[in-house]
Amino acid sequence: MSEAKVFDATAATELVKELRGTFASGRTRSYEWRVSQLESILKLSADHEEEISDAIHSDLSKPALESIIHEIGMVKNSCKLALKELRRWMTPEKVQTTITTFPSSAEIVPEPLGVVLIISPWNYPFCNGRVGRIVMAAAAKHLTPVVLELGGKSPVVVDSKINLQVACRRIIAGKWGGNNGQACVSPDYIITTKEVAPKLVESLKQELERFYGKNPLESKDLSRIVNANHFDRLTKLLDDDKVSGKIVLGGEKDKSKLQIAPTLLLDVPRDSLIMTEEIFGPLLPIITVDKLEDCFEIVNSVPKPLAAYLFTSNKNLKEQFVACISAGAVVINDTTLHLAVSTLPFGGVGESGMGAYHGKFSFDAFSHKKAVLYRSFAGDVAMRYPPYTPGKLRFLKALLGDGILGLIRALLGWS
């Protein structure tokens, strides 16, 4: 693994003090300064693309295409979008006022929150529920807001009467083509009917062999498991007595190279280890049901996932899935692709996280929306000041809720 620099408490305190001093100076607030930073990140990403890709490959054996598209490319695109839209994002938003404050004008001014700590470990910005609670508890002591992008068990529901080959290719791309399952939005398990399951398994087998060959442990297009601890954790999931006889493809391992082949497991029990924790690896269990509508009970009986995927041609099922499944995101007839849409927020709900980012949502995540009201010295209403009288009360009640007619009646002294 690449060498990581660790700060001790004293060094961290000094660093935060220095950063807060820089922010307090106002230097980082201007449009020009922000543009210079974005341009620097963009240049660094472009100039060192090969070195970054090589470093990721050294850590994870991650294919260059995945690193360039999923990581470097997303950073570059985010910078380009911010450079294009930043001035508009920074512009205060004019909002309407009411008769209560007449004459007046108002706006919402986005201001930077200040110094931000971004915790981003080895694959993508990831955490889990346990670590999220630790981070949130630490932040709460200082009333510091948090954005938590955690993870969870993202389901894939597969209907009948679909293009099964395309569906399988897209499931594979999201599962094994995304860091070999080691991604927070990776498909975690499949739900399908007993009727569809055999055809689905056969199609997955065919496409997996087409993509990674007959011996996937020799494939150059699959990342390895990040470390021995995670390898052992995944092995434990496979060795569970409840699923060890359920493997219908794969299961091969090479601990010396930290490699595990793409593995399908059919008809796994819902109380097995593999179904009670986020897999975060190349194992894909399949749950079968009598009718596809049973998927709603299964998905909604566990903590809310970071993403939920549905493959169907049924319009009613699409609408029901979007309406009834609570998840960070829902994707119909594909997997993980919502990350590429900068106009969509990326984040979780419940156990899968809170807050969101990507595109303008990132700008908003690190901003305070400051309410600003402007008034002149004209239009000062004596009714708001003591001494209070029944007439003043009638006037103010009308002003706050009775509309123009009520206001006129109050001014005329009518009850």
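Where does UniProt place the feature "active site"? The unreviewed entry puts the feature at E149 and C184, with positions given in the numbering used here, feature names shortened, and annotations that may be inferred rather than shown by experiment. The two span 36 residues in sequence, yet no two of their C-alpha atoms are more than 8.6 Å apart, so they gather at one spot. E149 itself sits in strand β3 (residues 148-149); strands here are DSSP runs of E, at least two residues long, and helices are runs of H or I of at least four, both numbered from the N terminus.

The model is a predicted one, with pLDDT of at least 70 needed for local features and 80 or more for side-chain atom pairs, while totals for chains, interfaces and linings use all residues. Residues are numbered from 1 along each chain as its sequence is written, and side-chain values rest on heavy atoms, with hydrogens and water left out.

According to the unreviewed UniProt entry, "domain: Aldehyde dehydrogenase" covers residues 8-127 and 130-372.

Now to one of the sheets. It is open and antiparallel, with three strands in the order β1-β2-β14, where strands pair if DSSP finds at least two bridges between them. β1 (93-95) and β14 (367-375) each have a single partner strand and stand at the edges, so one side of each is left without a neighbour in the sheet. From one strand to the next, the twist averages 25 degrees (axes are lines fitted to C-alpha atoms, and angles run from 0 to 180 degrees between N-to-C directions). β1 runs antiparallel to β2 (residues 104-112) and is joined to it by three bridges; K94 has E107 in β2 as its bridge partner.

Aromatic rings come next. Four aromatic pairs are counted, taking rings of Phe, Tyr and Trp (its six-membered ring) with centres within 6.5 Å; planes under 30 degrees apart are stacked, over 60 edge-to-face, and the rest tilted. In one of them, W89 and F363, the ring centres are 5.8 Å apart and the planes stand at 45 degrees, so the pair is tilted. This pair links distant parts of the chain: W89 belongs to helix α4 (residues 64-90) and F363 to helix α11 (residues 360-365), 274 residues apart.
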